[in-house]
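Me: I am new to this structure and would like to learn how to read it step by step. Could we take the contact of the chains and then the ligand site?

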Amino acid sequence: MKWNPEPILAIFKMRLKVYSRYPGWIILDIIAPIIFSVIPFLFAVGIAGSLERAAEIFGNYAGTREFLFYIAIGSAVWGFSTGITWDFGMWLYEELETGTLEQILLTPVKVYELLLGAILYTAFISTINFFLSITIIAILFNCLHYVLSINFVLALLVVVLGIIPLMGLALFFGALVLKLKEPWAFFNFLTAFMVFICGVFYPITILPPVARAIAVVIPITIAIADARAIIFHLNFIFNPKIDLILLIVYAFLWPLLGMHMYKRVEKELRQRGEITVF
Amino acid sequence: MKTTEHHAVIIAENLKKIYETKVPIGLFRRKKKRVIALKGVSFSVNEGEIFGLLGPNGAGKTTLIKILTTLLLPDAGRAIVNGFDVVKQPEEVRKSVGVMLMGERALYWKLTGRENLEFFGSLYKVPKDILKKRINEIVEFLGIQEFIDRLVETYSSGQKVLLAFAKALINDASIIFLDEPTVALDPRRAIEVRQKIKKLKEEGKTIFLTTHIMQEADELCDRVAIIDEGRIVAIGTPDELKRTIKGKSAVEVDIVCSNPKTIVEKIQQIDGVHKIAWDVTSSEKGEIVRIRVICDNPREILPPMMEILLNNGVKIHYIKPEEPTLEDVFLYYTGKLLA
Ligand SMILES: Nc1ncnc2c1ncn2[C@@H]1O[C@H](COP(=O)(O)OP(=O)(O)OP(=O)(O)O)[C@@H](O)[C@H]1O
Ligand SMILES: [Mg+2]
């Protein structure tokens, strides 16, 4: 039978339409990533005393004095990756709350179609945010030459490769949200935890070994570190080859794990009659 | 050759469902509570018929529809819809049925009616060109042109129900489940919807609907199952069901009194009274207690009944023997009045 992407596109379009009817969200989505990447600079300058001094200190442990753009890359990749990781679960919960999840589950739509449709939308919005914040920061702080290099394109490829394992993570979290039904508490906790552990604002080499071990299981860590490594000619997590293999392994591992978890939770909800209970 | 005459397209065998819920006691402690929603339900629905599930609130109607449409897994028993097992082949079942559940939350309020239909149609993989045509046909069929291109958030409750009905037709399924389809509609729209349901039957569709409105079941359904407290207590055509209480009569009494319970208990003791139920309605005259009695012969029970009523200082508004209706069938089998 011919593959029919119609359900995936329908979910994408539906989400985009709903989004377009809340003008407030659009403005927030444009402003938030800019603020998110500017705050750490102000912080760094505030602590070190001056921009010059901050760059010097930063250069000693990160390997590049371009800490402004270093952080911008980190937070942009972070924003993009976490968007993809969380958004599916948040969306599922929203659908559960509004009662439309039940209606969707009445149709023969498949889990992977739900996931791809929802994530297509997230990726679309996140890509716009990603380029918007990177470009604005690059112009503001004179780093445009990094963006216009071939290495930047390579770095983007790493980020795109990271999407596949992230989709697995997304399913995993989606299932947990449906099961625990407290998406915000859960979201806040894990966001804080992952900002700390994934090396958004600093290289993970400064973390204790245990934290580093946990960090490399999360594909976001690898995407952030390797994107920077390529752009600033810094060290990779292990080396380019191992990092790539890890990403590929995660690209199978996380989706399998996520699918398993989701199927289990869905069955449990059908058993308990909780598809409309939140 | 017609082989479809008695071809069962929905078969339920001994379906059981128990809900486990946690009831909060105190601030953080919760107690497990079990609600037995279905206690072993069996029946079958033939192709092309309108089958009605009639029962009071909490009888298990929605639970049963959810099991048959794969939203809920049964704890025991088996159900086959369009030849597919609801537990083992859920996807095939979903492709075979159109479903309208109760409640107006089932739609995207930030989309227009048409966008809602397009979205759900796409989830069923209805080809684009067919989908467009079909939506126009459904809109015309239900007469909802006036509001179909408005955002759903601007709809009245009745309009949302009509859109939910339209949604149940979007995949042109041969089996349609409707959970209390007329409950939020005004009388004129309710009559219209009943006519549409009959039209769908004429097109060859099988319709499974739930209702707690007696006239609806009587007028619309080829066969009716009466469900109460998770059990089917009677099943048959409306006429068959009425015949099971043939020779019995109904007496309806409207009274004003303060202790209906004791009075009902006393009337129940009278020889020849089979079932009795009561209900309180308020009118401009105050709270009126309506009592309905199923008996062998009204002539025999009326004198002792009047005696009880008068001895207890009850004000009688109305008392009249009546031909038994489907409502009395319900009362006869369940000892309850329908809402
Ligand atoms: N998710 C749930 N968790 C716990 N109990 C439930 C759940 N859903 C339904 N019940 C209980 O199961 C019983 C049957 O409910 P159901 O919704 O099937 O009744 P119904 O016949 O559709 O009633 P109504 O006419 O009010 O719609 C009720 O006692 C109800 O409280
Ligand atoms: Mg119900």
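Me: How is the area buried between chain B and chain A read, and how much of it do carbon and sulfur atoms give?

Reply: The size of an interface is often given as the accessible area lost when the parts come together. Here the area buried between chain B and chain A is about 3200 Å², and carbon and sulfur atoms give 58% of it; buried area is the accessible area, taken with a 1.4 Å probe, that two parts lose on being put together, summed over both. This is a predicted model, in which local features need pLDDT of at least 70 and side-chain atom pairs count only at pLDDT 80 or more, while totals for chains, interfaces and linings use all residues. Residues are numbered from 1 along each chain as its sequence is written, chains are lettered from A and ligands numbered from 1 in the order in which they are written, and side-chain values use heavy atoms, with hydrogens and water left out.

Me: How many residues does each chain bring to the contact?

Reply: Chain B brings 33 residues and chain A brings 35 residues, where contact means heavy atoms within 4.5 Å.

Me: How many salt bridges does the rule find across the interface of chain B and chain A?

Reply: Side chains of opposite charge can pair when their charged atoms come close. The rule, a side-chain nitrogen of Lys or Arg within 4 Å of a carboxyl oxygen of Asp or Glu, finds six salt bridges across the interface of chain B and chain A. The side chains of E113(A) and K125(B), for example, meet in a salt bridge at 3.2 Å, N to O.

Me: Which salt bridge can I look at within chain A?

Reply: The structure holds 35 salt bridges over all chains, and one of chain A joins the side chains of E268(A) and K179(A) at 2.9 Å, N to O. This pair links distant parts of the chain, since E268(A) is in helix α12 (residues 240-272) and K179(A) in helix α8 (residues 150-180), 89 residues apart; helices (H or I, at least four residues) are DSSP runs, numbered from the N terminus.

Me: Why is the site of ligand 1 shared between chains?

Reply: The site is shared because residues from chains A and B surround ligand 1. Of the 14 residues around ligand 1, those that come nearest are G58(B), G60(B), K61(B), T62(B) and T63(B), a residue being near if one of its heavy atoms lies within 4 Å.

Me: Which atoms of T63(B), A59(B) and G273(A) lie by ligand 1?

Reply: A polar side-chain atom of T63(B) lies 2.5 Å from an oxygen atom of ligand 1, a backbone N or O atom of A59(B) lies 3.1 Å from an oxygen atom of the ligand, and a backbone N or O atom of G273(A) lies 3.2 Å from a ligand nitrogen atom.

Notes
A polar contact is a pair of N or O atoms within 3.5 Å; within protein, one must be able to donate a hydrogen and the other to accept it, and residues adjacent in sequence count only if both atoms are side-chain atoms. Helices (H or I, at least four residues) and strands (E, at least two) are DSSP runs, numbered from the N terminus.
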